[in-house]
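Me: I would like to go through the features of this model one at a time. Please give the general idea first, then the case at hand.

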Amino acid sequence: MATVLKAQKVQAAKADLKGKRKAEDMDVDEPSEEPRKRTKNKQRVLLLSSRGITHRMRHFMNDLEALLPHVKKDAKLDSKNHLHLLPELADLNNCNNTLYFEARKHEDLYMWAAKTPNGPSIKLHVQNVHTMDELKMTGNCLKGSRGLLSFDKAFDNSEWGRLTKELFTHIFGVPPSARKAKPFIDHILTFSMLDDKIWFRNYQIVEKDPLQPNGPPQTSLVEIGPRFVLTPIRIFEGAFGGATVYSNPEFVSPAAVRSAIKREKGAKYGMRKLAEEESRGRREGRRLEEDDLAVSKVFA
């Protein structure tokens, strides 16, 4: 038995030597084929708001949280003047994207979309918000499922459009490795551009006709919700600050619109009062003075 074991060891050593010689005889300059490294999509989004949001704004945020399974929700930010704390909060929550909703005067809603901690960041005005409960659409999708992203061709016509498209791809694109994500796709998130505004819609992918469930497959889209419109205001180089990369010259804040309406109403009131004073002055001008001789003749 001992001689057999020794013979086996000798044969194994010879095989090793042959393998080493073959490796040395191979051309070293020829690169070896290495397996390609897979790039993992590790996008995590921090979702939070400022104080003073209304119930409709809160329901809108809950809809976005249900729509994006890779979102981490945090408590409200106490002060609107401390936006520099948001990158630190994102780092504490292990997030590299941030969606911050800022409410002003319980009427206006602004959305900050930023890459943390180095930027860039976009400030947008949110309008025409319709939540899922308000729409009552017939479409439905599984909670936590991943969605396809569809962008309008108009995004590629401008620099700020391409930057916004890339940032929205990182934020709204659900990574397959997300903890709460389901392993299939059944809805589409569409971003359309019209009048320099971004229109958001969410559609379910229906592969069968509901009127003919046993018929041939017919792919169609059914809107689910929510829906909203975004008006870009300013793009910053850093996260929630820094140099201005793009500024929308046509944007007018809703507070300025309301003040203009009040000024117009005040101007109407002032014109009405001026007309009353002119009418009073004309009446005073047409009034005749009293004649003392006429009064004396009456008493005589």
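Me: Is Phe 60 buried or exposed?

Reply: Buried means under 20% relative accessible area, exposed over 50%, and partly exposed in between, with a 1.4 Å probe and protein chains only. Phe 60 has 0% relative accessibility and therefore counts as buried. Note that this is a predicted model, in which local features need pLDDT of at least 70 and side-chain atom pairs count only at pLDDT 80 or more, while totals for chains, interfaces and linings use all residues. Residues are numbered from 1 along each chain as its sequence is written, and side-chain values use heavy atoms, with hydrogens and water left out.

Me: How many aromatic pairs are there?

Reply: Rings of Phe, Tyr and Trp (its six-membered ring) pair if their centres lie within 6.5 Å; planes under 30 degrees apart count as stacked, over 60 as edge-to-face and the rest as tilted. By this rule there are 13 aromatic pairs. One of them joins Phe 60 and Phe 228, edge-to-face, at 5.0 Å centre to centre with 75° between the planes.

Me: Which kind of pair do Phe 172 and Phe 200 form?

Reply: Their pair is tilted, with 6.1 Å centre to centre and 35° between the planes. Phe 172 is in helix 5 and Phe 200 in strand 8 (residues 197–206), so the pair ties together parts 28 residues apart in sequence. Phe 172 is buried at a relative accessible area of 1%, and Phe 200 is buried at 0%. Ring pairs link a cluster that includes Phe 60, Phe 172, Phe 200 and Phe 228.

Me: Which residues of helix 5 are buried?

Reply: The buried residues in helix 5 are Trp 160, Gly 161, Thr 164, Leu 167, Phe 168, Ile 171 and Phe 172. They cover an arc of only 130° around the axis (taken from the directions from the helix axis to the C-beta atoms), which puts them on the same side of helix 5.

Me: Is Val 252 buried or exposed?

Reply: Val 252 is exposed, at a relative accessible area of 51%. Val 252 lies in the loop between strand 11 (241–247) and helix 6 (254–286).

Key
Helices (H or I, at least four residues) and strands (E, at least two) are DSSP runs, numbered from the N terminus.
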